[in-house]
Every structure is written in structure tokens, then in C-alpha cells.
Amino acid sequence: MNEYIEAKAKVFKALGHPSRLVIVEALCSGELCVCDIVPLVGRDISTVSKHLSLLKEAGVLKDSKRGTSVYYSLMMDCVPGFLNCLSEFLGKRLEKQVRDYASSSLKKL
């Protein structure tokens with residue numbers, strides 16, 4: 001398999017966990033300190049650090065150290081657009097399911 005496809009798969013794998021998606025979506029609004037990320041994820045700092053490390057290794061995030069604090073931000077500028085596209089797609093799909101359900105329920109009456 002070619003390295004380019006494997007790199008893409010690594011990014012999708014990094015984004016493929018609910019906790020990591022919470023992190024990435026929060027970072028779409030701007031840079032955050034690890035101390036601000038931990039409560040968003042609702043896991044211990046060790047677990048959050050592993051998620052952050054995986055996202056950084058995949059090239060999704062970058063970090064900067066300031067004193068004793070580490071701040072994370074998005075490295076991939078396209079992520080917010082992709083997540084917005086995904087939200088719109090899922091919203092439309094849900095609307096269609098609701099319409100289909102309502103239509104089939106009316107036919108049963």
C-alpha cells in the first residue's frame with residue numbers, strides 16, 4: 001500500500017475515537033491548555049495525554065510549551081471545515097430519517 005494512503009488512514013484513525021473528536025472539536029475554536037482539555041474529555045490526564053500524543057503523531061495537532069503548561073492547537077487547517085461538512089451531512093440524514101418515519105407512521109393510520 002502506498003505511504004500517502006497510509007498517512008491518510010492514520011489521520012482518520014486518529015480522528016476515529018470519541019474522546020479525540022471532543023478534543024479536536026474543542027480546538028476548532030482555538031488553542032487550549034492541557035489543563036482545559038482534561039475536563040472536556042472527562043478522563044484522567046494520562047489518558048488525555050495519550051489521545052493528544054496520537055493526534056499530534058498523526059499530524060492533526062501541534063503543541064507549544066509555555067512554562068509548565070502545554071498548549072495544543074490544530075495543525076491541519078482543513079479539520080474544522082471537514083467537521084462542519086460532516087455535521088451538515090449527518091443533520092440532513094437525520095432530517096430525512098425523521099421525515100421518512102413520519103411518512104410511514106401516517107400511512108399506518
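Which strand does S73 lie in? S73 lies in strand β3, strands being DSSP E runs of at least two residues and helices H or I runs of at least four, numbered from the N terminus.

A quick word on ground rules: this is a predicted model, where local features need pLDDT of at least 70 and side-chain atom pairs count only at pLDDT 80 or more, while totals for chains, interfaces and linings use all residues. Residues are numbered from 1 along each chain as its sequence is written, and side-chain values use heavy atoms, with hydrogens and water left out.

**The sheet**

Three strands make an open, antiparallel sheet in the order β1-β3-β2. Its edge strands, β1 (32-33) and β2 (61-66), each pair on one side only; pairing here takes at least two DSSP bridges. Between β1 and β3 (residues 69-74) there are two bridges, in the antiparallel sense, and C33 sits opposite Y71. Helix α2 (residues 18-27) lies across β1, β2 and β3, at about 85° to β3. That angle is between N-to-C directions, on a scale from 0 to 180 degrees, with axes fitted to C-alpha atoms (for helices, over the stretch in contact).

**The core**

The largest nonpolar core has 21 residues, and I37, V60 and L61 touch the most other members. Such a core is a set of buried Ala, Val, Leu, Ile, Met, Phe, Trp, Tyr and Cys residues joined through side-chain atoms within 4.5 Å. Helix α3 gives the most to it, four residues.

V60 is in contact (heavy atoms within 4.5 Å) with partners including V11, L55, S73 and V79, leaving aside residues up to four places away in sequence. With that same exclusion, S73 touches L27, E31, V60, L61 and K62.

**Rings and exposure**

Separately, R66 lies over the face of Y71, 4.3 Å from the ring centre; the cut-offs are NZ of Lys or CZ of Arg within 6 Å of the centre and within 35 degrees of the ring normal.

For relative accessible area, buried is under 20%, exposed over 50% and partly exposed in between (1.4 Å probe, protein chains only):

| Residue | Relative accessible area | Class |
|---|---|---|
| F12 | 54% | exposed |
| F82 | 38% | partly exposed |
| S73 | 15% | buried |
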